[in-house]
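Let us take a walk through a protein fold together. Keep the sequence and the 3D view side by side as you read.

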Amino acid sequence: MNLIDALANRKSIRGFKPDAVPKEILGEILKAAVNSPSVMNSQPWEMYIVTGDPLDQIRQGNLEKLTAGSPPNPDIKFKEKFEHAHKKRQVDLAIQLFKLMDITREDQEKKSDWMQREFRYFDAPTSIFLTYDETLDPAYLSYFDLGCLAHAICLTALNYKLGTCINSYGIMYPEVIRKHTDIPESKKIFISIAIGYPDWDFPANKIASDREPLKNVTNWVGFDRF
Ligand SMILES: Cc1cc2nc3c(=O)[nH]c(=O)nc-3n(C[C@H](O)[C@H](O)[C@H](O)COP(=O)(O)O)c2cc1C
């Protein structure tokens, strides 16, 4: 698959087959992805690749916290306030997903099931947790680097017919993740990425998320003579 096709074909996968992803394939993906750029080549990432019992225990622990109403306490504090066009795109995504999943606004049970899937890493056989060292905080440029790495993982996964979903709900209870992975307090848990073989019959996987036309997000300067 060439790069343009990979960029066009990558999409968030929210339903997976139960088949395990071989460790060797995950290794190949991560070996390719660590070629991502980072500020001053600092390579601020450390990854935890979790599968099997430990991942199931994390899912279970997350659900216990969620259903008990425990307030989320992620290592990184989300400061984004979505307004105007950003808010609209966020709402549009939820509408699209709920329509595909046949979830109505009033259906609290299905809405709650959907939320629980987020905390179960969409039942993927593997979740990759990206961390960075606490000494880097406030880690603005390192956040950028981890984002580059995350995208590289998602693109490279396509080469092995794997699907991914970057998942911020998956890091809401870092104490649960630490309990089952031994990630030290000194490593900040930045994001999780669910990875596995897509279940193409899963309705939400049919999503084709919109993008703003390029003309609305580009400003071309000094091109009048070219
Ligand atoms: C930092 C980040 C966090 C995300 N967290 C979630 C999440 O918690 N749950 C989810 O379903 N999708 C999550 N996504 C996926 C986005 O919803 C998705 O990338 C966006 O809707 C565009 O769709 P696409 O990935 O299919 O192109 C996240 C993506 C990013 C980059």
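**Finding your way through the fold**

Residues 24 or more positions apart account for 83% of the contacts in this protein with a separation of 6 or more, where a contact means heavy atoms within 4.5 Å. Before going on, note that this is a predicted model, in which local features need pLDDT of at least 70, side-chain atom pairs count only at pLDDT 80 or more, and totals for chains, interfaces and linings use all residues. Residues are numbered from 1 along each chain as its sequence is written, and side-chain values use heavy atoms, with hydrogens and water left out.

The protein has eight helices and four strands, and from the N terminus on they run α-α-β-α-α-α-β-α-β-α-β-α. The radius of gyration is 18 Å, close to the 17 Å that the globule rule gives for 226 residues, so the protein is as compact as a globular protein of that length. Helices (H or I, at least four residues) and strands (E, at least two) are DSSP runs, numbered from the N terminus. The radius is taken over C-alpha atoms, and the globule rule is 2.2 Å times the number of residues to the power 0.38. Of the 226 residues, 39% count as buried; buried means under 20% relative accessible area, exposed over 50%, and partly exposed in between (1.4 Å probe, protein chains only).

Next, look at helix H4, residues 84-100. At 1.5 Å a residue, its 17 residues should span 24 Å, and its end C-alpha atoms are 24 Å apart, which agrees. The expected span is 1.5 Å times one less than the number of residues. After H4 comes Asp-102, whose phi is positive, near 60 degrees.

The loops are worth a visit too. Gln-43 lies between helix H2 (23-33) and strand E1 (45-51) and is partly exposed, with a relative accessible area of 40%. Its C-alpha atom is separated by 8.2 Å from that of Ser-142, although the two residues are 99 apart along the chain.

Finally, meet two aspartates. Asp-123, in the loop between helix H5 (108-119) and E2, has a positive phi of about 60 degrees although it is not a glycine. Asp-182 has a positive phi near 65 degrees and lies in the loop between helix H7 (174-181) and strand E4 (187-196). Are they exposed or partly exposed? Asp-123 is partly exposed at 31%, whereas Asp-182 counts as exposed at 65%.
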